[in-house]
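Have the structure open as you read.

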Amino acid sequence: MMYEILKKYPLCDRCFGRLFAKLLHATNIERGRALKIYKLLEIEKKINKGEADENDYELLKAILRSGCNKTRLNMEIKKESCPWCRGIFEKDKIERLLNKAINLLKEYDFNTFLIGTHLPEDIKELEEEIKTEYMESIKQEFGREFGKLLAIRLNKQPDKENPDIVVHINPYTEEIYLQVNPLFIKGRYRKLVRGISQTIWLCGKCKGKGCEICNYTGKKYPSSVEEIIAKPIMEATKGKDEKFHGAGREDVDVRMLGDGRPFIIEIKEPKIRNIDLKKIEEEINKDGRVEVLNLSFAKRKDVIAYKNTPHKKTYRALVECSEKVSEEDLKKLERELENRIIKQRTPKRVLHRRADLERIRKVYKVKTNKVDDNHFEMIIYCDGGLYIKELISGDDGRTKPSVSSILNKPCICKELDVLKVHDNETGDINGRNE
Ligand SMILES: [Zn+2]
Ligand SMILES: [Zn+2]
């Protein structure tokens, strides 16, 4: 029965062999030719003994028509072209496609690649019709074989998991295009000044077009951590665009100190990948407002890990109280806030862009330090996502408890710094990870 298909389609040795690709350690050509020759041998024997029937003759013709002319019988059957591969493995065709791919890739500096093979609809339909449980798609074979040849020509490795560039190719129509995957760079940033946002913040009036309010910059704040970090990286990689992923974010008026906040920057369609990160680091750090440390290359999956990992934080807040604050008050504050569950409804100041929900977060430890009668400093070790300004003010009862409610004196946050974004779930108030 497995030979019956040859009566309908004159599959070449390679394509016939591919129907049983998951059987035997042999190339598709070897397997296909061996199977055809074995059948020819059987039929030839039968014919010599005079035992052949009509079906044997039909199959004999079909095998000869498919290009396997090995019989000693005197038969003149013209070879027909294979409807499955249609010559896509022919040497000069492969050569043409290789040159085309190499020409497109010339513009890019990269390390790994992958071949993505695309088939015309009628070939897909044919595969669907003739498929056996041992078959592999012609897509696999073409991709593998073309990939091997391209790897040798380029002296670069194919990579199924994280290819820098995917060469999409339809060998039937000879269409080729490149998919240049992003380059990911991770590190930690410190924001040493207040007044810059983490990512580019467009002007609310003109939405980036430029107007009188934003002084025709299109932006609400003159600069951002994103822009300062991205600039030298975009110059070095000649990327098309970039995207900044931070492990959380601080407000515009909050500094990010200590050993910084983890981030990943994604460079879209980079022309150059092999860049000197030490040099980039120095370049960024010249800015003075933002510093980066530990730059290294990352993978796409790291972005998801960054976004889903809850990071505990240590903050420093300068608190202003409209009434006098005693040492006793501060002791009470440290006591009452230790391991305390805080319930927060979405702060009034962000209600315009976020849903009104209740958040539950925990404060683990607080240390205080009196500055003068109306000011004190707080070091707060707490869950990520806790709104610190509201933890202090109480936000008109929307955050409970709060520094204001515990002291029964109205307090506000005058200055806020992030001292530490903790990498894991442990860590003491001094920001040391245990
Ligand atoms: Zn074929
Ligand atoms: Zn504007």
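The largest pocket in this predicted model has a volume of about 970 Å³. A pocket here is an open set of points on a 1 Å grid over the protein atoms alone, where a 1.4 Å probe fits, with protein on both sides within 12 Å along at least five of seven lines; lining residues have an atom within 4 Å of a point. Points are joined across faces, edges and corners, and the volume is the space filled by probe spheres set on them.

Of the 42 lining residues, Arg249, Glu250, Asp251, Arg354 and Tyr387 are the closest to the pocket's centre. Elements giving two or more residues to the lining include strands E6 (241-246), E7 (254-268) and E9 (313-321), along with helices H10 (300-308) and H12 (388-393). Helices (H or I, at least four residues) and strands (E, at least two) are DSSP runs, numbered from the N terminus.

So where does this pocket sit? It lies between domain 3 (183-308) and domain 4 (313-421), because both give residues to its lining. Those domain bounds come from an automatic or database assignment. By residue type, the lining divides into 15 nonpolar, 10 polar and 17 charged; Asp, Glu, Lys and Arg count as charged, Ala, Val, Leu, Ile, Met, Phe, Trp, Tyr, Cys and Pro as nonpolar, and the others, Gly among them, as polar.

Now for the backbone. Most residues other than glycine have a negative phi, and most peptide bonds are trans.

| Residue | Phi | Relative accessibility |
|---|---|---|
| Glu269 | about 45 degrees | 34%, partly exposed |
| Asp395 | near 50 degrees | 9%, buried |

Buried means under 20% relative accessible area, exposed over 50%, and partly exposed in between (1.4 Å probe, protein chains only). Glu269 is in the loop between E7 and H9, while Asp395 falls in the loop between H12 and E13.

There's a cis peptide bond too: Lys400 and Pro401 are joined by one, with omega about -10 degrees. Pro401 belongs to the loop between strand E13 (399-400) and helix H13 (403-407).

Finally, is Glu281 buried or exposed? With a relative accessible area of 12%, Glu281 is buried. Glu281 is part of helix H9 (residues 277-285) and touches Val292, Leu293, Asn294 and Leu295 (heavy atoms within 4.5 Å), leaving aside residues up to four places away in sequence.

Residues are numbered from 1 along each chain as its sequence is written, and chains are lettered from A and ligands numbered from 1 in the order in which they are written. Local features need pLDDT of at least 70 and side-chain atom pairs count only at pLDDT 80 or more, while totals for chains, interfaces and linings use all residues, and side-chain values use heavy atoms, leaving out hydrogens and water.
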